[in-house]
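Could you walk me through how to read the features of a protein model, step by step? I would like the general idea each time, and then the case at hand.

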Amino acid sequence: MSISLVLVIIMAVLFACGVYAMLERSLTRVLIGFLLLGNAANLLLLIVMGVPGKAPFYDGGETDSAEMSDALPQALTLTAIVITFAISAFLLALIYRSWQLGQADTVIDDADDVALRTRAADEPDDAMDEESRSDDEDVTTDFVGDVASPIRVLHQGDLSQLVDDAPVDRVAVRRTDDDTRDTQDGDRP
């Protein structure tokens, strides 16, 4: 198998330019960087595919398996194209919405980001460890002392809009006496 050095260099340049463009604050440059990364990934899969061969169809044993092309990189390339298209459409929607709201596509820091950054710089490194420690080792939940009510399944007798026509894959649970008093005999099994 011979790999074209030109394709490897082009792929590396596309990866480098894509990563560099994605580090910018402009959403348009992030989109361009992502498209470059998607094309570089497709080129990588093209390089991995190797030498083109015959179609991998069963023809009764006339074609040797060494002469057939590998179908996996082709399937991965199609998947990468679809993922790149979907995320590009999402980024275009973000850019359009950002332009509608602020007449700019640049991501800026808001007050909460700045406050979080300054708070993290002022705190010592072991502050997160102290917060994670608990005085009471027996407590396994944050909802200690909260009264939890059991889940109640609604039936047609509870609300007239409900229709009990859903398929059931388990034995019906017997209802309490309060629920059965409200209904007539024979309405439910």
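The dialogue below goes through this predicted model feature by feature.

Q: Let's begin with the overall make-up. How many helices and strands does the protein chain have?

A: Happy to start there. The protein chain has 6 helices and 0 strands. Read from the N terminus on, its elements run α-α-α-α-α-α.

Q: And what share of the residues counts as buried?

A: Of the 189 residues in the protein chain, 16% count as buried. For that label, a residue needs a relative accessible area under 20%.

Q: How do I read the packing of two helices?

A: Two packed helices are described by the angle between their axes and by the distance between the axes. Here, take helix H2 (residues 27–49) and helix H3 (residues 72–102): they pack at an angle of about 180°, and their axes are 10 Å apart. Angles over 145 degrees count as roughly antiparallel, and H2 and H3 are therefore roughly antiparallel to each other.

Q: Which classes of residue make up the contact of H2 with H3?

A: That contact has 15 nonpolar residues, 8 polar ones and no charged ones.

Q: Now the surface. Which residues make the nonpolar surface patch of about 290 Å²?

A: A patch is built from residues with over 30% relative accessible area. In this case Leu5, Ile9 and Val13 make the patch. Leu5 is found in helix H1 (residues 5–22).

Q: Why does Leu5 count as exposed?

A: The cut-off for exposed is over 50% relative accessible area. Leu5 has a value of 59%, so Leu5 is exposed.

Q: How about charged pairs? How many salt bridges does a search of the whole structure find?

A: The idea is to look for a side-chain nitrogen of Lys or Arg within 4 Å of a carboxyl oxygen of Asp or Glu. Searching the whole structure finds 1 salt bridge. Glu24 forms a salt bridge with Arg29, and the closest N and O atoms are 3.6 Å apart.

Q: What is the relative accessible area of Glu24, and what is the relative accessibility of Arg29?

A: Glu24 has a relative accessible area of 28% and is partly exposed. Arg29 also counts as partly exposed, at 47% relative accessibility.

Conventions: Residues numbered from 1 in each chain as written. Predicted model: local features only at pLDDT ≥ 70, side-chain atom pairs only at ≥ 80, totals over all residues. Heavy atoms only, no water. Axes fitted to C-alpha atoms, helices over the stretch in contact; angles between N-to-C directions. Helix = DSSP H or I, 4+ residues; strand = E, 2+ residues; numbered from the N terminus. Parallel < 35°, antiparallel > 145°, perpendicular 65-115°, else oblique. Nonpolar A, V, L, I, M, F, W, Y, C, P; charged D, E, K, R; others polar. Patch = residues over 30% accessible without salt bridge, like charges linked within 9 Å, V, L, I, M, F, W, Y side chains within 5 Å. Areas by Shrake-Rupley, 256 points an atom, 1.4 Å probe, with all protein chains shown as cover. Buried < 20%, exposed > 50% of the residue type's maximum accessible area, 1.4 Å probe, protein only.
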